[in-house]
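Good morning, and thank you for joining.

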Amino acid sequence: MSRRPARRLPREILPLPALALALVAVAFFALPFVGLLWRLPWSRVGDVLGQHEVRTALWLSIRTSLWATAFSVLFGVPLAWLLARVPFRGRSIVRALLILPWAISQTMLALTFGWIFNSTFGPLNGLLFDLGLIDQYIAWFASGDVVLNIIALAFVWSLIPFAALLFLG
């Protein structure tokens with residue numbers, strides 16, 4: 001069997017204004033990172049990373065990011081598959097709503113989750129109370145571990161659309 005040679009796609013030339021905007025975008029993201037690396041006290045990095053508080057914070061960040069990524073993929077892939085393969089009424093509305101958690105600002109996200117889990121008037125406590133699952137409202141923000149889980153939940157909620165859009169192609 002002979003193999004056909006791979007077709008080469010024609011190389012497109014990026015228009016100069018688009019190239020300039022792309023370079024500004026790269027600089028916008030790269031310069032703060034480069035500045036951070038430039039100003040980092042490299043002679044003290046070992047001492048700083050050896051501190052218990054710093055290791056705890058790093059582990060918390062890594063653990064939260066891994067869990068958020070796993071749950072975002074776990075829910076985002078089936079959602080992308082559903083939106084790509086299953087025709088149903090209102091699919092375009094679902095696609096538009098899918099963008100919402102990803103598009104709102106992090107401040108609005110924090111305020112929304114703060115309201116949902118509010119111990120005095122939050123709708124989650126109201127729902128659980130009305131269903132008879134709790135007999136008194138829960139102070140969700142009284143425990144640091146619960147707060148971290150709520151933050152991770154908000155993070156996942158905002159990342160699921162990104163994962164779905166990424167896999168939707």
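Helices (H or I, at least four residues) and strands (E, at least two) are DSSP runs here, numbered from the N terminus. On that basis the elements run α-α-α-α-α-α-α from the N terminus. The radius of gyration, taken over C-alpha atoms, is 23 Å, well over the 15 Å that the globule rule (2.2 Å times the number of residues to the power 0.38) gives for 169 residues, so the chain is more spread out than a compact globule.

A word on provenance: this is a predicted model, in which local features need pLDDT of at least 70 and side-chain atom pairs count only at pLDDT 80 or more, while totals for chains, interfaces and linings use all residues. Residues are numbered from 1 along each chain as its sequence is written, and side-chain values use heavy atoms, with hydrogens and water left out.

Of the 169 residues, 15% count as buried, meaning under 20% relative accessible area, with exposed over 50% and partly exposed in between (1.4 Å probe, protein chains only).

Let us consider helix α1. Leu 31 belongs to α1 and is exposed, at a relative accessible area of 57%.

Finally, contacts, meaning heavy atoms within 4.5 Å. Not counting residues up to four places away in sequence, Phe 113 touches Phe 141, Ile 150, Leu 153, Ala 154 and Trp 157.
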